[in-house]
Amino acid sequence: MMYQEEIFSNAITDAKKESYGTLTNEIKGMEAAIEKFFNKIFNTSSCISERDFKVTSM
């Protein structure tokens, strides 16, 4: 009986670790997409400002 409980407990722990790893990877992917989005927006707006107002970015 103890052996079965230990196997079940290990299976639950392994499932939690796998789910955590999957979630972490998804979050990293979302962070990268958001960062790329903001970089594109800020670079575009700074380029427009430089062109329109004849200034250079720092």
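Author: A residue is called buried under 20% relative accessible area, exposed over 50%, and partly exposed in between, with a 1.4 Å probe and protein chains only. At 53% relative accessibility, Asn-25 therefore counts as exposed. The model is a predicted one, in which local features need pLDDT of at least 70 and side-chain atom pairs count only at pLDDT 80 or more, while totals for chains, interfaces and linings use all residues. Residues are numbered from 1 along each chain as its sequence is written, and side-chain values use heavy atoms, with hydrogens and water left out.

Asn-25 is found in helix H1, where helices (H or I, at least four residues) and strands (E, at least two) are DSSP runs numbered from the N terminus. The protein has 1 helix and 0 strands. Its radius of gyration is 24 Å, well over the 10 Å that the globule rule gives for 58 residues, so the protein is more spread out than a compact globule. That radius is taken over C-alpha atoms, and the rule is 2.2 Å times the number of residues to the power 0.38. Along the principal axes, the C-alpha atoms fill a box of roughly 80 × 15 × 5 Å. Of the 58 residues, 0% count as buried.

From Asn-25 one may turn to Phe-38, 13 residues apart along the chain, with 20 Å between the two C-alpha atoms. Phe-38 belongs to a nonpolar surface patch of about 620 Å², made together with Met-30, Ile-34, Phe-37, Ile-41 and Phe-42. Patches consist of residues with over 30% relative accessible area and no salt bridge, like charges being joined within 9 Å and nonpolar side chains (Val, Leu, Ile, Met, Phe, Trp, Tyr) within 5 Å. A salt bridge is a side-chain nitrogen of Lys or Arg within 4 Å of a carboxyl oxygen of Asp or Glu. Accessible areas come from the Shrake-Rupley method with a 1.4 Å probe, and for residues only the protein chains shown count as cover.

Phe-42 is exposed, with a relative accessible area of 54%. Glu-50 also lies in helix H1, but at 25% relative accessibility Glu-50 counts as partly exposed. Glu-50 and Lys-40 are 10 residues apart in sequence and 15 Å apart in space, C-alpha to C-alpha.
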